[in-house]
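Welcome, and thanks for opening the viewer. Let us walk through this structure together, one selection at a time.

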Amino acid sequence: MAKAVYVLNGPNLNLLGTREPKTYGRATLKDVEALCRQAAKRHKLEVEFRQSNHEGEIVDSIHEAGAKKALGLIINAGAYTHTSIAIRDAIAAVDVPVIEVHISNIFARERFRHHSHIAPVARAGLCGFGVAGYALAIDGLAALIDDKG
């Protein structure tokens with residue numbers, strides 16, 4: 001896939017729109033996918049959009065992004081952000097710029113959500129912009145790619 005950006009979503013994000021709408025809003029994962037595709041199209045990028053509740057599948061997708069030389073990876077690892085060394089290590093192992101995204105402001109929530117294993121190996125991070133953060137991440141990634149090229 002030429003000019004591909006991977007957008008990976010972790011556990012429980014399949015429940016967007018119905019799960020804790022005061023925290024995550026009413027947009028569904030399908031809405032997020034459409035938003036990402038629209039943002040990517042503005043930059044002439046393709047999107048590989050995935051969601052999994054399984055840590056190993058997310059790791060496999062990160063490895064695939066590296067093997068296919070994706071232009072970038074946007075990840076909302078959900079709760080795995082705070083617990084998964086495996087996802088952190090997978091990101092560190094691939095030569096792909098990564099942007100970490102969270103719908104809510106994780107720093108304004110429970111203390112255990114304040115730590116991210118992903119942040120130290122990500123190029124950038126966004127939180128608290130709602131689902132619009134995904135489009136902002138794609139715009140930011142496109143800027144990074146343009147600066148490189």
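Our tour begins at the second largest pocket, which has a volume of about 170 Å³. A pocket here is found on a 1 Å grid over the protein atoms alone, as an open set of points with protein on both sides within 12 Å along at least five of seven lines, where a 1.4 Å probe fits. Grid points are joined across faces, edges and corners, and the volume is the space filled by probe spheres set on the points.

Before going further, please note that this is a predicted model: local features need pLDDT of at least 70, side-chain atom pairs count only at pLDDT 80 or more, and totals for chains, interfaces and linings use all residues. Residues are numbered from 1 along each chain as its sequence is written, and side-chain values use heavy atoms, with hydrogens and water left out.

Now select Arg19, Tyr24, Gly78, Ala79 and Arg113: of the 15 residues lining the second largest pocket, these lie nearest its centre. Lining residues have an atom within 4 Å of a point. The lining divides into six nonpolar, six polar and three charged residues; Tyr and Ala count as nonpolar, Arg as charged and Gly as polar.

Next, switch to a cartoon view and find the sheet. Five strands form an open sheet in the order E2-E1-E3-E4-E5, with parallel pairing. At the edges are E2 (46-51) and E5 (124-127), each pairing on one side only. Strands are DSSP runs of E with at least two residues, helices runs of H or I with at least four, numbered from the N terminus; two strands pair if DSSP finds at least two bridges between them.

Start at the E2 side. Six bridges join E1 to E2, and Tyr6 stands opposite Glu48 in E2. On to strand E3 (residues 72-76), which five bridges join to E1 (residues 4-9); select Asn9 and its bridge partner Asn76.

Which residues of E3 are buried on each side? Gly72, Ile74 and Asn76 are on one side, with Leu73 and Ile75 on the other. Buried means under 20% relative accessible area, by a 1.4 Å probe on protein chains only.

Moving along, E3 pairs with strand E4 (residues 98-102) over three bridges, and Leu73 stands opposite Val98. To get from E3 to E4, the chain passes through helix H4 (residues 85-93) in a right-handed β-α-β crossover: with the strands pointing away from the viewer, the path from the first strand over the helix to the second runs clockwise.

Finish at E4, where five of five residues are buried. Four bridges join E4 to E5, with Val101 partnered by Leu126.

Notes. Buried < 20%, exposed > 50% of the residue type's maximum accessible area, 1.4 Å probe, protein only.
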